[in-house]
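Dear colleague,

Please find below the structure that I am handing over to you. My notes on what was found in it follow directly after.

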Amino acid sequence: MKAAVVHEFRKDLTVENVPIPAVGETDVLVKIHACGVCHTDLHAAHGDWPVKPKLPLIPGHEGVGEVIKVGNGIKHLKPGDRVGIPWLYSACGYCEYCLSGRETLCLNQHNAGYSIDGAYAEYCVADGRYTVKIPDNLSYVEAAPLFCAGVTTYKALKVGEAKPGEWVAIYGIGGLGHVAVQYAKAMGNKVVAVDTFDDKLALAKELGADLVINPKTEDSAVFIQREIGGVQASICTAVSKRAFDEAYRAVKRGGKCVAVGLPPEMIEVPIFDTVLNGVSITGSIVGTRKDLEEALQFAADGKVKTTITTAKLEDINEVFKDLEEGKVNGRMVLTF
Ligand code: NAD
Ligand code: ZN
Ligand code: ZN
C-alpha cells in the first residue's frame, strides 16, 4: 500500500510502498478514504514534544474509511461499515481513568499516527473497540476532521463549562478553532474569535462568531475585557505562547482558560490574579468515544460543518508547509 512516512524529524515525508499491516484479534482493517491533516501531525513530524513518536512513522489521526476485514474478537463491526480512527487508538480498559469515563487519560493508551502508524496511507489497522462509526448522512471528507478537531473542541467547550448565553473566546481559528466556533454557537454561547489572520476571522464570522479580534491590531485580552467584560471560558487552540497569555487574561472572574493547543513552550501565570480572580487553567485532551459520537451527531444534525480543502497524499510536504505558515483556512483533508 502507499503511505507517507516520517523517517527523520524535520525532514520531508516520503511517499512509499509499505506492507498492509496484519489484523489482530481485536483489530479491523480500514480502507482509508480521507484523512484530515492536524497540526499535531506537524508536531509529530518535527519531534516537537517531550514524548517522541515512533520512527519511522505513518502520521494521521483523522482517518476515515470502510472496514474491509474484522478480527475474530470484534463482533459489533462488519465489512462495509464506515468508521474513523481517532487519536485515542486504544486504551487499557481497566485503569482508574478508563473505569471512570476518562479514557483519554489512560497511561497505557496508544495514539494513532504517533505511537502506532496512522492513516496517511491507503489502509490502516485500528483497534475495533476504539473506532467510532460515521453517521450515514456525513461524507468521508466532511467527517474526517471531526475525529480530532471536532471531538477535541467539543470536549474543550464542555470542560470550559460556559452556560448558554455566556461568552466564550476561541483562540486560533484553524482546523480546530473553526469547528470550535460552531460547536460553541450550537451550545448556545456567544463567541469571540481570535486569530492573527484576517481571512480566518472572516471565516469565523461566516460561521457565526459574534465578535472577532486580530491581536496584531490590539491585545485581544484588553479588547475582550473592555468590550464584554471578559469571557466565561477561553479555549486556546493557537500554537503560540502569546495566544495562551492573552487567552488567560481574557477570562472573567470565576472563568476558565482551557489549554488545547500544544506549542512546546511554557506559560507564566500570575499567582495573585489567579487567586483573587478565582480563575482556573485546565488542559483538555481530545475526547472519549462517547464525546466523539456526540460531536459527530452535531454535524449529522447540520449544526457543525467543516470547511475543507482536499489534497493528495503526494502533496503532503506542501500541505505541511502551508499549515506551518498559517495558509490553511479550515482543514486540509487528504483524499484517497
Ligand atoms: P492550525 O494550524 O490549523 O490552527 C492554529 C491557528 O492558530 C491558526 O489559524 C493560526 O493562525 C492561529 N494563531 C497563531 N498564532 C496566534 C495568536 N497569537 N493568536 C491567535 N491565533 C493564533 O492547527 P490545529 O490543527 O487547529 O491545531 C492547533 C493546536 O492544537 C496544535 O498545537 C495541535 O497539536 C493541538 N491539538 C491539541 C489537541 C488536544 O487534544 N488538546 C487535539 C488536536 C490538536
Ligand atoms: Zn489532531
Ligand atoms: Zn486505562
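Two strands are said to pair if DSSP finds at least two bridges between them; strands (E, at least two residues) and helices (H or I, at least four residues) are DSSP runs, numbered from the N terminus. In strand 14, A259 is the residue opposite C236. This is a predicted model, in which local features need pLDDT of at least 70 and side-chain atom pairs count only at pLDDT 80 or more, while totals for chains, interfaces and linings use all residues. Residues are numbered from 1 along each chain as its sequence is written, chains are lettered from A and ligands numbered from 1 in the order in which they are written, and side-chain values use heavy atoms, with hydrogens and water left out.

Strand 13 and its neighbours

Strand 13 (residues 231-236) is joined to strand 14 (residues 251-259) by five bridges, and the two run parallel. Strand 10 (residues 167-171) is also parallel to strand 13, with four bridges between them; here I170 faces I235. Because six of the six residues of strand 13 are buried, this strand is largely enclosed by the rest of the structure. Buried means under 20% relative accessible area, exposed over 50%, and partly exposed in between (1.4 Å probe, protein chains only). Together with helix 8 (residues 241-249), strands 13 and 14 form a right-handed β-α-β unit. Right-handed means that, with the strands pointing away from the viewer, the path from the first strand over the helix to the second runs clockwise.

The zinc site

Which residues coordinate the zinc ion (ligand 2)? The donors are C38 (SG), H61 (NE2) and C148 (SG), at 2.0 to 2.3 Å. C38 lies in the loop between strand 3 (27-36) and helix 1 (39-46), and H61 in the loop between helix 1 and strand 4 (63-70), 23 residues apart, so that this pair links distant parts of the chain. The donor spacing in sequence is C-x22-H-x86-C. Both C38 and H61 are buried. Donors are N, O and S atoms within 2.8 Å of the metal (3.2 Å for Na, K and Ca); water is not among the atoms, so sites may look incomplete.

Cavities

A cavity is a set of points, on a 1 Å grid over the protein atoms alone, where a 1.4 Å probe fits but cannot get out, and its lining residues have an atom within 4 Å of a point. Grid points are joined across faces, edges and corners, and a volume is the space filled by probe spheres set on the points. Two cavities of 30 Å³ or more were found. The largest has a volume of about 60 Å³, and its lining includes W87, E103, F147, V286 and R289. The second largest cavity holds about 30 Å³ and is lined by F244, D245, Y248, I267, E268 and V269.

Backbone exceptions

Most residues other than glycine have a negative phi, and most peptide bonds are trans. The bond between L55 and P56 is cis, with omega about -10°, and P56 sits in the loop between helix 1 and strand 4. E161, not a glycine, has a positive phi of about 60°; V286, also not a glycine, has one of about 30°. E161 counts as exposed because its relative accessibility is 53%, whereas V286, at 8%, counts as buried.

With kind regards

Definitions and conventions. 1 Å grid on protein atoms, 1.4 Å probe; cavity = no way out; pocket = protein on both sides within 12 Å on 5 of 7 lines; lining within 4 Å.
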